[in-house]
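Colleague: Please open the model and take me through it by question and answer.

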Amino acid sequence: MDDTRKTKKELIGELNALRKQMQDMSSGNKNKKEINNYLPDSTENERRYKQIFETNQAIKLIVDPHKGEIVQANQAAIDFYGYPADVLIGKKISEINILPKSQLEAEMKRAVSEKRLFFNFKHRLASGEIRDVEVYTGPLNEKDGTYLYCIIHDVTEKKQAEKIQKILLNISRATGEAASLEDLLSIIHEQLTSLIECKNFYVALYNIETKKYSFPYYVDEYDSCQDFTQEEIRKSLTEYVRKRGVPLLIDADSHSQIVGAGKASLVGQSSHIWMGVPFKINEAFSGVLVIQKYSEGEAYTQQDLEVMTFVTEHISWAIERKKAEQKITESEERYRSLVDNSPLAIAIHTNGKIVFINKTAIRLLRGKKESDFIGQPISKFIHKDFKKVIDERIQKIKKNQIVAPLEEKFICLDGELIDVEVRGVPLTFNGMNAVLVVVSDITGRKESEKNILESEERFRTLIENSPVAITMSRKGKIIFVNNAYLKMFGYTSDKDLIGVAFLNQLSDEVRQKILNRNTDREQGRPAPKSYETIGKRKDGSLFPFHANVATIKLPAGLATIAYLSDISEIRKAEDERLNLERQILQTQKLESLGVLAGGIAHDFNNLLTGIMGNTGLAMMHSAETSPALNNLVKIENIASRAAELCNQMLAYSGKGKFIIEAIDLNEMVRDMVLLLNVSIPKKVSLHFELDPKLPAVEADVSQVRQIIMNLITNAADALENKLGSITLKSYTKIFRGDGLKSRYIDHKLEDGKYVVLEVTDTGCGMKEETLLNLFDPFFTTKFTGRGLGLAAVLGIVRGHKGTILIDSVFGQGTTIKIILPASDKKITLVEKTPLRNKKFIRDVTILVVDDEEAVRSIIKETLELRGFRVILAEDGKVALKLYRKYMSEITLVLLDMTMPKLNGEETFKALKKINSNIKVILSSGFSASETMGRFKKGDVSGYLQKPYHLQKLQEKIIEVLEV
């Protein structure tokens with residue numbers, strides 16, 4: 001426990017112990033020089049007690065009472081009195097203590113002879129400031145005489161606080177006892193005079209509704225409030241302070257500057273120094289309390305302003321109370337209006353029973369409505385310990401005697417006890433003598449008082465065990481740390497930190513910045529109160545923490561206190577959240593674009609089916625010598641290219657038509673060498689590093705070719721027609737954990753063996769913005785109109801349950817890795833199925849179900865030309881109706897998957913219920929893998945992906961009918 005916090009009993013005990021210790025160590029002759037040095041460094045005990053004296057934070061002196069001189073002072077005393085050590089030591093005690101010399105000598109004699117241990121003095125500092133001190137002293141008997149050992153406590157602020165508390169208590173009492181507001185303000189003026197010189201004093205009240213000033217109290221050496229018009233007052237310093245709402249302390253020069261700037265006018269006699277504090281009573285009134293001096297002399301200080309600001313807060317409350325009491329007595333109607341809307345709890349009782357209660361009182365006593373209280377005895381709500389004194393007060397009030405406010409306890413409806421301050425005044429209510437009771441809930445104030453009286457040990461326990469790291473430093477050195485701080489920085493004892501520069505606990509790059517802030521703060525300059533910075537633990541590891549910093553006043557001067565929170569986990573979580581947000585946004589973007597691309601491709605395929613069908617029919621009806629035949633062939637080719645574009649869009653959406661087989665990725669790259677060399681500039685050289693032991697991958701051959709082509713084309717574009725190289729590399733790799741995590745693929749891949757196709761170029765590389773949009777459809781950094789490109793690659797890879805990793809450095813080049821699951825299947829060559837011979841099957845009726853009229857029409861015409869009978873249905877409901885009617889005739893159903901009312905899947909299930917052996921060919925703009933996955937194996941007879949050639953349709957029908 002610090003000396004600055006010890007009780008009087010503990011301090012007296014320390015004096016006696018130290019005196020005995022010094023006498024024990026004083027064997028042999030000791031000269032004055034030894035006394036001045038406060039014990040020689042001859043033994044370990046002596047060094048220890050010397051260190052206690054010199055480094056203790058309490059102010060300590062050793063005084064020669066016979067010469068009245070200071071013979072030794074510790075560092076705390078040097079800091080407190082403001083003298084250099086060599087000046088303070090040897091100084092007469094009469095130069096510090098303001099007592100008359102004779103009285104001071106008598107007190108020192110008493111301290112020596114009577115062993116008096118405690119004094120109240122006033123001491124003068126080097127600056128001339130007078131401070132109230134408590135002095136604990138005791139004699140030290142040495143060979144060459146007796147000395148006084150003194151422990152000094154600065155109690156200036158304590159005495160000031162006690163004086164303010166007494167003044168506020170007197171004002172509080174006067175609020176209930178004063179006959180009028182003017183009397184109350186006169187008492188307030190008198191009380192403040194004991195605290196600060198305020199010969200010239202006035203209170204200005206401003207009516208917010210009427211915008212007019214009144215002066216309920218005005219005392220001044222030169223001016224009278226009657227000398228000024230409302231217009232003049234509205235241009236004065238009083239109005240300037242009220243409108244700004246900020247206390248103001250200015251001298252004559254500063255006043256002139258404000259006047260010169262047009263912010264206020266000079267009204268009345270110019271003062272040497274002027275202090276104004278604004279206050280607000282309620283929604284209707286605000287005001288300013290002003291004191292001023294006209295003659296030069298000791299000026300008001302900033303501390304005086306702070307004191308007046310604090311006191312004014314309570315004065316405004318007292319004024320409010322007094323104004324409320326005055327209004328209550330004017331008339332019952334005005335009284336009721338005021339009381340009902342008062343922030344104070346108010347009730348009226350007659351013959352001991354409540355006859356009126358306002359809403360505030362109802363809430364205070366935990367009631368719900370007025371009827372909970374009307375007619376109830378007032379004694380029901382008074383604690384038994386106060387009933388007798390309340391009865392006595394009521395009798396005095398009935399005799400029109402003034403009673404002071406009383407603090408007591410009320411009992412609420414729910415049984416809870418609350419602390420209240422009660423004022424009572426007599427009045428007439430409905431023609432009967434009654435008592436008006438004004439109640440203030442002081443539970444909060446009582447709690448505050450209780451907290452203030454808590455012991456220093458409890459405070460220390462709270463700080464020591466706080467989960468928040470707390471440290472205190474002064475002049476750059478740590479003077480206190482709690483357990484949470486030790487844990488945060490990796491220490492086990494505060495001995496490792498006390499006295500150490502707090503900068504040692506910070507990262508090197510932030511030290512100077514934080515040092516400047518602390519210096520500014522301790523010297524009264526503005527500095528951030530909250531910030532984040534980097535800490536350094538005992539083991540040298542760095543971590544981020546958040547600091548809330550403030551200054552506190554210690555006997556030795558201003559110090560800095562900081563509350564620290566380790567935000568490592570918060571930073572980590574924030575980084576993870578931002579990364580997750582980026583992934584979610586990318587996934588949502590890709591999914592949205594995929595849905596759009598798939599939908600467009602599906603609908604476009606329906607249109608292409610009609611175009612290709614009609615073109616085929618036109619070619620069938622045209623003679624070989626017809627000049628239109630060549631144009632029809634071109635139309636069919638263009639439609640086929642459009643169908644390829646649709647397949648790219650489906651690939652991007654992940655719903656492309658995949659024919660999965662076990663393929664050799666190396667063989668595919670080699671097969672494309674000639675095509676790749678033709679498609680890239682001559683300045684670009686291709687290099688291959690292919691693993692000869694590469695396992696198979698299960699993929700669609702045409703889709704993988706598209707991947708390779710797009711990656712090579714993109715890499716060639718990155719070289720910007722300059723000399724460079726593109727390297728294709730294949731290898732096998734085992735991936736685990738986050739090794740497969742990609743910013744472009746949202747699905748989670750299993751750990752295991754994968755085949756990697758790596759394409760590296762020495763081109764321009766990509767910026768972050770480009771990487772974010774790389775796989776967006778039609779995105780390009782070159783020219784527009786480049787097609788789906790890498791967007792299709794993403795869809796293909798996603799559809800093959802693979803992923804994409806990209807490593808790119810702007811200005812240096814790019815590496816794109818296509819990663820696909822490795823397969824244990826044997827690589828096989830897929831034989832091409834020869835086209836079937838054209839043959840016709842007679843007596844076959846086909847039900848064609850499609851919501852596109854153009855598709856139905858072209859299929860009907862085509863099939864009828866081949867000898868089939870055709871029944872058309874525009875949706876699923878019509879199809880079911882027609883099938884039931886012609887079930888015995890219908891051999892086959894050609895069913896579209898996407899239709900209104902009943903879609904293809906629902907229609908198929910309904911047809912199966914009618915005839916479980918029905919033959920159905922499904923048709924859709926989506927791939928077979930996307931569509932057929934919804935049905936049991938063997939249920940569907942065949943599948944056609946739109947758009948298709950009429951020849952393909954005929955072959956599929958013949959294939960199904962032959963089975």
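The questions below go from the whole chain to single strands and residues.

Modeller: This is a predicted model, in which local features need pLDDT of at least 70 and side-chain atom pairs count only at pLDDT 80 or more, while totals for chains, interfaces and linings use all residues. Residues are numbered from 1 along each chain as its sequence is written, and side-chain values use heavy atoms, with hydrogens and water left out.

Colleague: How many helices and strands does the protein have?

Modeller: Helices (H or I, at least four residues) and strands (E, at least two) are DSSP runs, numbered from the N terminus. On that basis the secondary structure comes to 31 helices and 32 strands.

Colleague: What percentage of the residues of the protein count as buried?

Modeller: Buried means under 20% relative accessible area, exposed over 50%, and partly exposed in between, with a 1.4 Å probe and protein chains only. Of the 963 residues, the share that counts as buried is 46%.

Colleague: In what order do the five strands of the open sheet run, and which of them stand at the edges?

Modeller: Two strands pair if DSSP finds at least two bridges between them. The order is β2-β1-β5-β4-β3, with antiparallel pairing. One side of each edge strand is left without a neighbour in the sheet, because each has a single partner strand; these are β2 (69-73) and β3 (118-124).

Colleague: What is the average twist from one strand to the next?

Modeller: Axes are lines fitted to C-alpha atoms, for helices over the stretch in contact, and angles run from 0 to 180 degrees between N-to-C directions. From one strand to the next, the twist averages 40 degrees.

Colleague: Over how many bridges do β3 and β4 pair, and what is the bridge partner of Arg-124?

Modeller: β3 and β4 (residues 130-142) are antiparallel partners over seven bridges. Within β4, the partner of Arg-124 is Ile-130.

Colleague: Which helices pack on the sheet?

Modeller: Contact means heavy atoms within 4.5 Å. Another, spanning residues 156-177, touches β3, β4 and β5, at about 130 degrees to the direction of β4.

Colleague: Is Lys-159 buried or partly exposed, and which residues is it in contact with?

Modeller: Lys-159 has its place in helix α7 and is partly exposed, because its relative accessible area is 31%. Its C-alpha lies 7.6 Å from that of Asp-132, which is 27 residues apart in sequence. Leaving aside neighbours within four places in sequence, the contacts of Lys-159 are Asn-120 and Asp-132.

Colleague: What is the volume of the largest cavity, and which residues are closest to its centre?

Modeller: On a 1 Å grid over the protein atoms alone, a cavity is a set of points where a 1.4 Å probe fits but cannot get out, and lining residues have an atom within 4 Å of a point. The search of the whole structure finds nine cavities of 30 Å³ or more. The largest has a volume of about 250 Å³. Of its 19 lining residues, the closest to the centre are Tyr-202, Ser-236, Thr-238, Val-267 and Trp-274.

Colleague: Why is β16 described as largely enclosed by the rest of the structure?

Modeller: Ala-469, Thr-471 and Ser-473 are buried on one side, and Ile-470, Met-472 and Arg-474 on the other. β16 (residues 469-474) is therefore largely enclosed, the number of its residues that are buried being six of the six.

Colleague: Which strands pair with β16, and which residue of their hairpin takes a positive phi?

Modeller: β16 pairs in the antiparallel sense with β20 (residues 557-566) over five bridges, where Ala-469 stands opposite Leu-564. With β17 (residues 477-481) β16 forms four bridges, also antiparallel, and Ser-473 stands opposite Ile-478. The hairpin of β16 and β17 has two residues between the strands, and the one with a positive phi, near 55 degrees, is Lys-475.

Colleague: What is the C-alpha separation of Val-849 and Val-893?

Modeller: Val-849 is in strand β28 (residues 845-849) and counts as buried at 1% relative accessibility. Val-849 touches Val-893, among others. The two are 44 residues apart along the chain, and their C-alpha atoms are separated by 7.5 Å.

Note on methods:
On a 1 Å grid over the protein atoms alone, a cavity is a set of points where a 1.4 Å probe fits but cannot get out, and a pocket is an open set with protein on both sides within 12 Å along at least five of seven lines; lining residues have an atom within 4 Å of a point. Grid points are joined across faces, edges and corners, and a volume is the space filled by probe spheres set on the points.
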